[in-house]
Each structure stands twice: as C-alpha cells, then as structure tokens.
Amino acid sequence: MQLKQYSGFPFPAVQKGPQGALRYVKENTTALIKSSIAQILLTAKGERPWNPEFGCDLTRFLFEVANPADMETIQNICYDAIVRWEPRVRLSPLDIVVAPSQTDPGRLSVSISYQEVTKTKPSKESLTLTI
C-alpha cells in the first residue's frame with residue numbers, strides 16, 4: 001500500500017529563518033495531523049470567508065457554565081468537525097472525552113484519541129486541547 005504524502009503549514013505557524021519565512025511541512029507526520037485537528041477545533045464556523053463552513057461551533061460555549069448536556073454536545077460537535085475536515089484520521093464519538101479542566105476552573109479539556117489511516121501499523125495517537 002502506497003502511503004500518501006501531505007503538505008501544509010503547522011499550527012501555530014513557525015518562523016523558519018531570519019528572513020521570516022514560514023516553515024512548510026511536506027510529509028505525512030503525526031504533528032501535521034495534530035496541527036490540523038487543532039485548527040479545525042479552534043476555528044469558528046464563518047471565521048474563514050472563503051470557506052465559511054470550516055471549523056466548529058465551540059465559541060458558543062465560551063463563558064458558559066459547563067453541564068453534562070453541554071459537554072456531550074461539545075463531544076458531538078468535535079466529532080462531526082473532525083470527521084468532516086480531517087480525512088487522515090479514524091475515530092468514534094467515544095474517542096473524544098470532554099471534562100472540566102484540572103488546572104483552570106471554568107475551562108474544558110477536550111481529549112481526542114484517533115488512528116491515522118495512512119499508517120501501515122495501527123496505533124492510537126492523542127491530542128488534548130483546553131478551551
């Protein structure tokens with residue numbers, strides 16, 4: 001099976017040299033996929049004028065008191081966005097855990113476990129974001 005090669009800018013963008021050029025990654029890396037998932041989840045729908053459907057609607061939960069129903073909704077929103085916008089991963093809704101942050105009250109921790117579909121040997125990767 002031939003592995004696909006992907007390219008793109010990491011998130012957040014990283015300066016490559018003294019001239020200010022941005023680092024561009026052209027390979028199939030775990031870091032690039034994690035960066036892509038972070039971009040998807042931290043981008044509000046409508047934020048990108050050329051692609052208003054990109055991202056997810058987590059901003060509507062900012063400054064709200066999190067309850068179990070909201071945490072389940074966040075889980076579903078994250079799942080739908082990742083499945084739609086990141087074809088290099090495979091996951092189920094149960095692979096996303098939303099819980100109150102241990103370090104910062106009033107914030108939520110979103111932990112995502114996924115499998116890269118391009119890897120020849122299946123292995124789970126994970127990413128945790130605090131929103």
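View 1. The model is a predicted one, where local features need pLDDT of at least 70, side-chain atom pairs count only at pLDDT 80 or more, and totals for chains, interfaces and linings use all residues. Residues are numbered from 1 along each chain as its sequence is written, and side-chain values use heavy atoms, with hydrogens and water left out. Five bridges hold strand S4 (residues 96-100) and S5 together in the antiparallel sense; strands pair if DSSP finds at least two bridges between them. Helices (H or I, at least four residues) and strands (E, at least two) are DSSP runs, numbered from the N terminus.

**View 2. S5 with S6 and S3.** Serine 111 turns up again, now with threonine 128 as its bridge partner in S6. S5 and strand S6 (residues 124-130) are antiparallel, with seven bridges. Strand S3 (residues 89-90) also runs antiparallel to S5 (residues 108-116), joined by two bridges, and arginine 90 has glutamine 115 as its partner in S5.

**View 3. Isoleucine 37 and the largest nonpolar core.** This core has 25 residues, and Ile37, Leu41, Ile74, Ile82, Ile96 and Ile112 touch the most other members. Such a core is a set of buried Ala, Val, Leu, Ile, Met, Phe, Trp, Tyr and Cys residues joined through side-chain atoms within 4.5 Å, buried being under 20% relative accessible area (1.4 Å probe, protein chains only). Helix H1 (30-42), helix H2 (68-85), S4, S5 and S6 each supply at least two residues, with H2 giving the most, six. Beyond its neighbours within four places in sequence, isoleucine 37 is in contact (heavy atoms within 4.5 Å) with Ile82, Glu86, Val89, Ile112, Tyr114 and Leu127.

Terms used
Buried means under 20% relative accessible area, exposed over 50%, partly exposed in between (1.4 Å probe, protein chains only).
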